[in-house]
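Here's a quick tour of a protein model for you to follow along with.

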Amino acid sequence: MRDLLPEEAAARRGLARQLLECFALHGYAVVTPPVFEFSEVLERGLGTLAPTDVLRFVEPESGEVAALRPDMTPQIARMIATRLSERPPPFRLGYEGTVLRRRTGRARKHRQIPQVGVELAGVAGPEGDLELLSLAIAALRRAGLDRLTLDIGDAGVVRALLAPLSSELQSTISDALARKDAAAVAAACAALPAQHGDALRALTTLHGGRDALVEGVQRLSSTAAHGSAKRLLALFDAAVACGLGPDVSADLGEVRGFAYYTGTIFHAYAPGTGDAVGSGGRYDELLARFGWDLPAAGFALDLDRVGEALLSAGVVSQQSLRVAVVGPADDPRITELRKRGIAAVAAADKGAALGWARAWGFSHVLDASGWVDVSSGASIASPVGDEAKQ
């Protein structure tokens, strides 16, 4: 856990607002699920939760086991299937909040992960997938990221090839595929029939552009993964046709979340951060666990990682106008500025006003002689017109 100081909190709030505004322009209405949820709801949505991954406690009034949410998707699935069940699909819902989970990277010590995201329920297949891919790119562009990549996969590819294997061998191979460790995959597949082993070994190299997908469809043509590989190629082509081609790559060996997702998986990357800035995919079986069999997909953007990428790209949020006025608390200039939606506070004298404004991120000082830019200390023309000067 951690605190956010004023500048950090303001940057986080501004970034979240930009992303949510983009979601709203695409028809996504914001919902707010509770910060903790009964474990039964989370386990129904996510499967059995490892004790080390989730912060649990006993809810004192009911005696039920509850958990600080590691993911908001099961909560929103519950909302759709119960409290929103009288409304017609499709459901386009957005959210902002914090999830609590264990970080996997050695350098990632914070368990508190701030997110904004969307859930799209009631739109099946490529149509829904393309809507989400387009929205993810539009939102990240609106935030200021010009360089980004969506890496798309399909959970059905790896799932189909691992299904006949023991759980131990499934775990070994999926771990090796996640690292793109060709030698480890080959060693794990040594005892498998040649065709099956060849298909699994190929997954470590079948990533990149369309050529890799075409090769993958051919190499998997006689396996149970062929249908999923063709589906991924079709989605890639549809994304290119929609104008997303420069931002999209593909990976037939993607394993992250394959046990949870039922089709498309994607991760968004941008320079300046070692982790994905966002991830999502299709989970058509989820809503049925809550009593309503609807296709569903969604994604979440990690505000910390997006912030790192923006910092690396040199994207600086525009400083809002905030004014320290030299005068008493009832100075009419303060009232006039606040009427205009401009933050304004009183200060005893110009020197105190400049020092305080620099420490607290205020942009201007206004005294009897006029406007002063806080950064330079120089007198400037009024940034708001002459009415507030008197």
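K180 is found in the loop between α6 (167–178) and α7 (182–188). Keep in mind that what you're looking at is a predicted model. The notes start with that loop residue, move on to a proline, then take in the sheet and its helices, and end with a glutamate.

- Is K180 buried, partly exposed or exposed? K180 counts as partly exposed because its relative accessible area is 29%, and that class runs between the 20% and 50% cut-offs.
- Another loop, the one between α3 and β5, holds P90.
- The peptide bond leading from P89 to P90 is cis, and its omega is near 5°.

**The sheet**
- Nine strands make up an open sheet with mixed pairing. If you walk across it, the order is β1-β5-β6-β12-β11-β10-β7-β9-β8.
- Which strands stand at the edges? They're β1 (29–30) and β8 (207–208), and each has a single partner strand, so one side of each has no neighbour in the sheet.
- As a bit of background, strands of a sheet pair through backbone hydrogen bonds, and they can do this parallel or antiparallel.

- Helix α3 (residues 73–81) lies across β5 (91–100) and β6, and it runs at about 140° to β5.
- Helix α10 (residues 226–241) packs on the sheet too, where it touches β7 (149–154), β9 (248–251) and β10 (264–269). The direction of α10 makes about 155° with that of β7.

**A closer look at E37**
- You'll find E37 in strand β2 (residues 36–38).
- Is E37 buried or exposed? E37 is buried, because its relative accessible area is 7%, and anything under 20% counts as buried.
- Beyond its neighbours within four places in sequence, E37 is in contact with L42, A66, A67, Q75 and R78.
- With one of these, Q75, there's a polar contact between the two side chains, at 3.2 Å.
- E37 and M79 are 42 residues apart in sequence, while their C-alpha atoms are 12 Å apart in space.

Terms used
Residues are numbered from 1 along each chain as its sequence is written. This is a predicted model: local features need pLDDT of at least 70, side-chain atom pairs count only at pLDDT 80 or more; totals for chains, interfaces and linings use all residues. Side-chain values use heavy atoms; hydrogens and water are left out. Two strands pair if DSSP finds at least two bridges between them. Helices (H or I, at least four residues) and strands (E, at least two) are DSSP runs, numbered from the N terminus. Contact means heavy atoms within 4.5 Å. Axes are lines fitted to C-alpha atoms, for helices over the stretch in contact, and angles run from 0 to 180 degrees between N-to-C directions. Buried means under 20% relative accessible area, exposed over 50%, partly exposed in between (1.4 Å probe, protein chains only). A polar contact is a pair of N or O atoms within 3.5 Å; within protein, one must be able to donate a hydrogen and the other to accept it, and residues adjacent in sequence count only if both atoms are side-chain atoms.
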